[in-house]
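Hello,

Here is the structure we talked about. Please look through it, then read my notes below.

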Amino acid sequence: MYVRHVVLVAGRDLRARKGRYTLVALAIAAGTALLVALSTVTFGLKVYVEGQIRELYPADIMLYSDRIEIPVDIVEVIGSIEGVDAVEPLILVGASLGGRGATLVGIPIDDVDYFAISLVEGRLPRSGGEAIVEESLGDLYGDKAAVELTESLLGPARRIEVEVVGVLESLLKGFVQTFQVNLVVVPLGWLQEVLGAEGFVNAVLITVSDKTYVEPLADALKEAFPSAQVYTQRSLIRAAIRIVDLLGVFFNVIIAVTLAISGIVVFAVMTITARERMREVALLKAIGVSGRAVALSVLLEVLAISVAGGAAGIAAGFYGAHMLKALLGYMGVSFDLPILAVPEVFVGGAATALAVAVASSTLPIVRLSRLRPLEILARGQ
Amino acid sequence: MAISLVDVDKVYRPSRDVEVVALRGVTLTVERGEIVALMGPSGSGKTTALNIMGTLDRPTRGRVYVAGFDVTEADEGFLEALRLHYIGFVFQSINLVPSLTALENVALPMLAAGYPRYEAYRKARLLLDAVGLSDRAGHYPHQLSGGQQQRVAIARALANMPLILILDEPTSNVDVATTRALLTLFREINGVLGTTIVMATHDPEVASIAGRVIYMRGGVVSRSAVKLAEVAGEPVDVERVRERMRHVFELEKELVSDMAHRNELVRRKAQLLP
Ligand SMILES: Nc1ncnc2c1ncn2[C@@H]1O[C@H](COP(=O)(O)OP(=O)(O)O)[C@@H](O)[C@H]1O
Ligand SMILES: [Mg+2]
């Protein structure tokens, strides 16, 4: 089949109806832009959350128990295993602080480097009774504070007085309220004393030199401490990503609705255009232009329109992701969401633009190409 | 023989229990190189007969032969190719693609037939020149008068040098002077290219260029008469026209022989060209 006449007719029709086809391109661009913007933001969130978890939880494996029952001696044993880089014992206790939920953490102050704590104000705790708190509790800086522990497997309810000597930079910033852990960090030895648990902790963080050790080591720990849980960094990241994916599902609903609207616009305009072009197509078929050539010609137009719309949509969407971030900033969500140019998102945007445009113009195209010239020409006058 | 209808009926069924008999037992033959006029009152079946001859419509009964092919049950793809290479149409009203210029409208069938772009536009210019519209090549249909549009349509109909030209009331929208010019053009085309012309008309003056007039009434052929006194319009100076069309013709022969090895229809047409 020859295509020069197909291209000629397509090109001239595009030019003759450029106003209307620009509208179609815009409809496609809008859907694509939203898709690209929200996908870029979702991707950025995943990168951000994963990065934050790596920072918050630098260990490859965490051994955690509801009871303070893990002997600190275990640290030596695990540390001597081949491939283990670092082992840090700590106590993690859910607490409340003036009505706010908090997490009381006892860490070995000597090994504070391991936890990559960065202070915004004050200094690290040096002795028992001193604490540093997360930015979200920053208003307590310089004061005494009463950390309240409810009755739990760890022991009876009690109050622990601390003096807040420093503020550490929040992890996960204000990203999602539920993610706020409101850390209160105190020296481990002192906390063990206060809780009457000298020599024991309820969590151990382990870093390995080679990631292939993670799974076997985690398995071994599960066997050794059947009453404790063993978390790997990867499983935590996976869990967090699942939360972001939930947000992604919500985004996808918005995207789907927008794309459906784009599709309806394409369908409506192409149907009207097909109706208007019936006389022209009847003539073409009467003089021997094949139905396939007619279909191809309209398809070419749709492709051209959707490539233009898709490209504009991708550009606008990527720009829009930056704007969305700025908007979130105005709304008080001030974490540094990375906006990355993800090729998969762009390709997905382009493919979606094409698919939506082609799918929604299929019916008008088929109708035009199946047109029987006589039906129109007979009614010609 | 260029076209032959043998005992053709055409019945339309616009709705389930309405039947319109447009043609009834029509038998007629058009010889190669003839000009035949179909005359008769409105609704007598002229357009239906032309559409069947032009393979745009199929008979309900009977057989149809065009350029030596039995097209009665031929498949749509074959008929498309046949229309493209063998038949030129000028319809009653819709004739040009509105978004294409006059030149592009004329070039279109050649591009569809696979002519090289440059040659298609070159020949389109020659054809516009032949219908006296070389200065309107870049105009769009809406910028042309009815008569000019009709002439572009004729140039377009001639683009692939058809063996048969089918004209349905080709002068119904044009003034007397333009009608005369068109009639002269038809006689030139017929005289110089040997193109068979079948046309429907109400106008006795138009019919006067035909060598034979077929009268229709109520879907049947009522009378067939071999013509008639004087012919309208200028006498055709065949030599002058042949000179004017020479370039078109040479180009066509060249292109057709180039394309012949690719297309059986074109190969056969090349043998039929004068
Ligand atoms: N598509 C159609 N559906 C139903 N009836 C038709 C159709 N085309 C033509 N007819 C009828 O067939 C008869 C012949 O029409 P036509 O061939 O157009 O006549 P003419 O060209 O001589 O005026 C008329 O009665 C007309 O109404
Ligand atoms: Mg008619």
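In chain A, the centres of domain 1 and domain 2, taken over C-alpha atoms, are 52 Å apart. Domain 1 covers 4-53 + 243-380, and domain 2 covers 66-227. These bounds come from an automatic or database domain assignment.

This is a predicted model: local features need pLDDT of at least 70, side-chain atom pairs count only at pLDDT 80 or more, and totals for chains, interfaces and linings use all residues. Residues are numbered from 1 along each chain as its sequence is written, chains are lettered from A and ligands numbered from 1 in the order written, and side-chain values use heavy atoms, without hydrogens and water.

Next, ligand 1. Its shell (residues with a heavy atom within 4 Å) includes Tyr12(B), Val20(B), Pro41(B) and Lys46(B). By class, that shell has four nonpolar, six polar and one charged residues. α1(B) gives the largest share, three residues.

Polar contacts are pairs of N or O atoms within 3.5 Å. A polar side-chain atom of Thr48(B) sits 2.5 Å from a ligand 1 oxygen. For a side-chain N or O atom of Thr47(B), the distance to an oxygen of ligand 1 is 2.6 Å. Ser44(B) has a polar backbone atom 3.2 Å from a ligand 1 oxygen. The protein buries 66% of the 560 Å² that ligand 1 exposes alone (Shrake-Rupley method, 1.4 Å probe).

Best wishes

Notes. A polar contact is a pair of N or O atoms within 3.5 Å; within protein, one must be able to donate a hydrogen and the other to accept it, and residues adjacent in sequence count only if both atoms are side-chain atoms. Helices (H or I, at least four residues) and strands (E, at least two) are DSSP runs, numbered from the N terminus. Ala, Val, Leu, Ile, Met, Phe, Trp, Tyr, Cys and Pro count as nonpolar, Asp, Glu, Lys and Arg as charged, and the others, Gly among them, as polar.
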